[in-house]
Every structure is written in structure tokens, then in C-alpha cells.
Amino acid sequence: MTSSERLSAVFEHIDANRMSFLDRLIDYVQHPSISAENRGIAEVGKLPVEMLAEIGLETSLVPTEGHPIALARWQNAPGKPTVLLYGHKTPYANADDANHAE
């Protein structure tokens, strides 16, 4: 299978599961959290841990001196490339900023 064929298969999978992926994303961003005020951070941190566990990854919520880190691993493909994903919700300085962003 060529790289182009493998990539086509990825896009087909994304297209076939588009609504499910969007539903997960919408569920995630609807949870209120304000990083600067440490409001809702622990709750929002649990969401990716739960979502990634549902699709078969080994997950944990790692405490830090600041906000927790959602860590997920799938180590069933020895010798294959490693992928690191990092993401965060846009922080607001305070709740009023978040309320006016809508």
C-alpha cells in the first residue's frame, strides 16, 4: 500500500466518523473551565482521559504543581513512529472575558 493509499484510508475513516468526532469535540469544549482561575480544570482534565480510554489507550491523569496532564499511550506497534499531541482550551484572564467571547 502506498503512502497516498494509506492517507486516503485515513481520510475515509475521518469522513465516516465525522459526526462522532464532532460530538466528542463539542462535549469537550462545552465543559466550562478557566485556567487563570483554576475553575473546572480538574473536571476538564478527566475528559480526554476518559475519551482516550474508550478507544483503547492506556490513560492517566498526571498531577503537576500546576494543572494536571492527560497522558495516553498505545504501545502495540513496536518500531512504529511516536506521536505527541498537545492541546488546550483557550484561557481567559477571568470569567467576564469568557462570557463576552460568545
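Two strands are taken to pair if DSSP finds at least two bridges between them. Helices (H or I, at least four residues) and strands (E, at least two) are DSSP runs, numbered from the N terminus. In this predicted model, local features need pLDDT of at least 70, side-chain atom pairs count only at pLDDT 80 or more, and totals for chains, interfaces and linings use all residues. Residues are numbered from 1 along each chain as its sequence is written, and side-chain values use heavy atoms, with hydrogens and water left out.

The protein chain contains four helices and two strands. Their order along the sequence is α-α-α-β-β-α. Strand E1 (residues 58–62) pairs with strand E2 (residues 69–73). The pairing is antiparallel and runs over five bridges. Thr59 lies opposite Ala72 in E2. Six residues separate E1 from E2, and the two strands form a hairpin.

The mean for the protein chain is 82, and 83% of the residues score at least 70. Helix H1 (residues 3–16) has the highest confidence, at a mean of 93. The lowest belongs to helix H4 (residues 95–100), at 56. Where pLDDT is low, the predicted coordinates should not be read in detail.

Burial was classed by relative accessible area: buried under 20%, exposed over 50%, partly exposed in between (1.4 Å probe, protein chains only). Of the 102 residues in the protein chain, 10% are buried. Accessible areas come from the Shrake-Rupley method with a 1.4 Å probe; for residues, only the protein chains shown count as cover. The protein chain exposes about 8400 Å², of which carbon and sulfur atoms supply 55%. Contacts were defined by heavy atoms within 4.5 Å. Among contacts with a separation of 6 or more, 33% join residues 24 or more positions apart.

A nonpolar surface patch is formed by Met19, Leu22, Leu25, Ile26 and Val29. Together these residues have about 440 Å² of accessible area. Patches are made of residues with over 30% relative accessible area and no salt bridge; like charges are joined within 9 Å, and nonpolar side chains (Val, Leu, Ile, Met, Phe, Trp, Tyr) within 5 Å. Leu22 belongs to helix H2 (residues 18–29). Leu22 is partly exposed because its relative accessibility is 32%.

A salt bridge requires a side-chain nitrogen of Lys or Arg within 4 Å of a carboxyl oxygen of Asp or Glu. One salt bridge is found by this rule. It links the side chains of Arg39 and Glu37, with an N to O distance of 3.0 Å. Arg39 is partly exposed, at 42% relative accessibility. Glu37 is also partly exposed, at 34%.

How values were computed:
pLDDT is the predictor's confidence in each residue, from 0 to 100.
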